[in-house]
Protein chains: 2
Amino acid sequence: MLKASDHQVAGHEATDGKLGPVVDESGRFYKPLQSGERGLKEVAFYEALRSNKTFPDHIRSFFPIYYGTKHLEVSNGSGMHPHLILQDLNSTQVNPSIMDIKMGCRTWPPESSEDYVQKCLQKDRGSTSLPIGFRISGLEVFGSKESGLWKPDKKYIQSLSVDDVRLVLRKFVSSNASADLSVHPDCSLASVVYDGPNGILAQLLELKAWFEEQTLFHFYSCSILFMYEKGSGLEGQNCKAKVKLIDFAHVLDGCGVIDHNFLGGLCSLINFIKGIIVPPNA
Amino acid sequence: MLKASDHQVAGHEATDGKLGPVVDESGRFYKPLQSGERGLKEVAFYEALRSNKTFPDHIRSFFPIYYGTKHLEVSNGSGMHPHLILQDLNSTQVNPSIMDIKMGCRTWPPESSEDYVQKCLQKDRGSTSLPIGFRISGLEVFGSKESGLWKPDKKYIQSLSVDDVRLVLRKFVSSNASADLSVHPDCSLASVVYDGPNGILAQLLELKAWFEEQTLFHFYSCSILFMYEKGSGLEGQNCKAKVKLIDFAHVLDGCGVIDHNFLGGLCSLINFIKGIIVPPNA
């Protein structure tokens, strides 16, 4: 039994006959291959990751597990379509809060066509990618059984300013998150979600250490996912805060050079998170 | 007595009646203010740096000392021109080796005009700025009394590929540096110039730690200078390896965000230097 993922916060959704990711009950996530070179590049990346025996395990765990590819009948009536079979990152979560953050101030690889460069450049300049080296591309925050989910629409997400990003990163770890700008986010979960030995900051710092050295891959237009479960965090238990990397349709060979574009954005993101854990005037 | 600087490796030179930096015998360097906003921005940056009492001293020493501005009669016959009065970084050096490295994969600030963006973008894409986050904009390497100075021309510098940059960074610390590609650089000075507690790598790491935190300034199109004296290094003495930051005509207020563009390039440069100190197969 395949169904559209409940927790897709960015990208295409498999609804209204559109091609989108689906999940099964065994914890697998089926992502339709993008057309042309993009789909092939994403498969090639997962294959390279799987076959690279020297890849450090603590870094491998930042990536969804890859199980291969499969042709699936898709609901839009266009017949069979090739899919990546990946780990469903949210299969064991009941009420996850999720944020998708597209990394890098530049989302286009060096050898792109002129049209593609200008198209991406316009998006990067029109978003926070240029000033802060990343942009939020989607999120859902589970408040409580009463308040439910806050899942802003694409238009809201695309209009976020630098100050808005700072605010949304605070709302993401607040018990009173909502679109209401008059509500001051309480950041009640910052200490369990962002901070601590298993928190998001610690995981980002681990990634950073790797990006300072690794010259295997350059991750253009790739996203970092933040995920946690609010319920458990509120009760002071393990909130299972997780950082994952997804979307590898624009990954290039690093050719012996570090991915300074991703790393710069990652350092900036780390600085934003530190600013929430320890407010500037604390 | 003012004269053109002997050790100008990038930018305009005060020769043939052109406006360029001059030095005096007391160790001061007079840099003509660039026209319009650029010149004003550079003065504003040096004034801000001077008046900021919280600026850490160990970081302040990466910048040339600033003594104010002064109108000077210039040799091109156009009369008086305003100059920045700065420390002459090479005044105490006899045979310095110098490299000018323009930092960042993007040399244009976010709010630039469309024309300026496209002009810079073309240069960034046509150089190593895009792939590695920095580009060499000038250098001179003092070989020995016999071999003299290797100072490649602008055309050579502008055509450097990523592999060439790797090679030139090796030549810079070699006793046999020359344009001759068949000569394998011996890197005989890498351990004293790049490595060690006072070497260039240690200074770059200090800068990096600051850039991971500082949100005061964004340094677009700014350069890092590497400098040392070969003679003293060869004799195992202090080679006075120095890292300095110069060229602040495109510095912007950081607005509470780190300079991820400069930092990304800096991390990449650090990785190149580490690769010379400890070769990949060592």
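Which residue of chain A does the side chain of B:Arg125 meet in a salt bridge? Keep that in mind while reading; this is a predicted model, and the notes below start from the place where the two chains touch.

1. **The opening pair.** The partner is A:Glu114, with N and O 3.0 Å apart. This is one of 6 salt bridges that the rule finds across the interface of chain A and chain B. If you like counting polar contacts too, there are 15 residue pairs between the two chains, both residues being at pLDDT 80 or more.

2. **Who supplies the chain A side.** Four helices of chain A, namely α3 (114–125), α4 (129–132), α6 (162–171) and α10 (260–277), each give at least two residues to the side that touches chain B. The largest share comes from α10(A), with 9 residues.

3. The contact takes 35 residues from chain A and 35 residues from chain B. About 2,400 Å² is buried between them, and carbon and sulfur atoms give 54% of that area. Have a look at A:Arg125, A:Leu130 and A:His260: these supply 23% of the area that chain A buries against chain B, more than any other three residues.

4. A:Lys208, A:Glu212, B:Lys208 and B:Glu212 are linked by salt bridges into a network.

5. **Strand β3 of chain A.** Now move to residues 28–32 of chain A. Of the 5 residues in this strand, 4 are buried, so the strand is largely enclosed by the rest of the structure. On one pairing, β3(A) runs antiparallel to strand β2 (residues 22–23) of chain A over 2 bridges, with A:Val22 opposite A:Tyr30. The two strands make a hairpin with 4 residues between them, and A:Gly27 in the turn has a positive phi of about 90°. β3(A) is also joined to strand β5 (residues 79–87) of chain A by 5 bridges, again antiparallel; there, A:Pro32 has A:His83 as its bridge partner.

6. A:Lys31 makes a salt bridge with A:Asp247, the closest N and O atoms being 2.9 Å apart. Since A:Lys31 lies in β3 and A:Asp247 in the loop between β11 (242–246) and β12 (251–253) of chain A, the pair ties together parts that are 216 residues apart in sequence. Buried or exposed? A:Lys31 is buried, at a relative accessible area of 13%, while A:Asp247 is partly exposed at 27%.

7. A:Arg166 is partly exposed at 28% relative accessibility, and A:Asp163 is exposed at 53%.

8. **A buried pair in chain B.** B:Asp124 and B:Arg135 form a salt bridge with their closest N and O atoms 2.9 Å apart. B:Asp124 sits in helix α3 (residues 114–125) of chain B and B:Arg135 in strand β7, so the pair ties together parts 11 residues apart in sequence. Both residues are buried.

9. **The open sheet of chain B.** This sheet has 5 strands in the order β8-β7-β6-β10-β11, with antiparallel pairing. β8 (149–150) and β11 (242–246) stand at the edges with a single partner strand each, so one side of each has no neighbour in the sheet. Helix α6 (residues 162–171) of chain B packs on the sheet, touching β6, β7, β8 and β10, and its direction makes about 30° with that of β7(B).

10. **β5 and its partners in chain B.** Strand β5 (residues 79–87) of chain B pairs antiparallel with β3 (residues 28–32) of chain B over 5 bridges; B:Arg28 has B:Gln87 as its bridge partner. Strand β4 (residues 66–74) of chain B is joined to β5(B) by 8 bridges, also antiparallel, and here B:Thr69 partners B:Leu84.

Methods: Residues are numbered from 1 along each chain as its sequence is written. Chains are lettered from A and ligands numbered from 1 in the order in which they are written. This is a predicted model: local features need pLDDT of at least 70, side-chain atom pairs count only at pLDDT 80 or more; totals for chains, interfaces and linings use all residues. Side-chain values use heavy atoms; hydrogens and water are left out. Two strands pair if DSSP finds at least two bridges between them. Contact means heavy atoms within 4.5 Å. Axes are lines fitted to C-alpha atoms, for helices over the stretch in contact, and angles run from 0 to 180 degrees between N-to-C directions. Buried area is the accessible area (1.4 Å probe) that two parts lose on being put together, summed over both. A salt bridge is a side-chain nitrogen of Lys or Arg within 4 Å of a carboxyl oxygen of Asp or Glu. A polar contact is a pair of N or O atoms within 3.5 Å; within protein, one must be able to donate a hydrogen and the other to accept it, and residues adjacent in sequence count only if both atoms are side-chain atoms. Buried means under 20% relative accessible area, exposed over 50%, partly exposed in between (1.4 Å probe, protein chains only).
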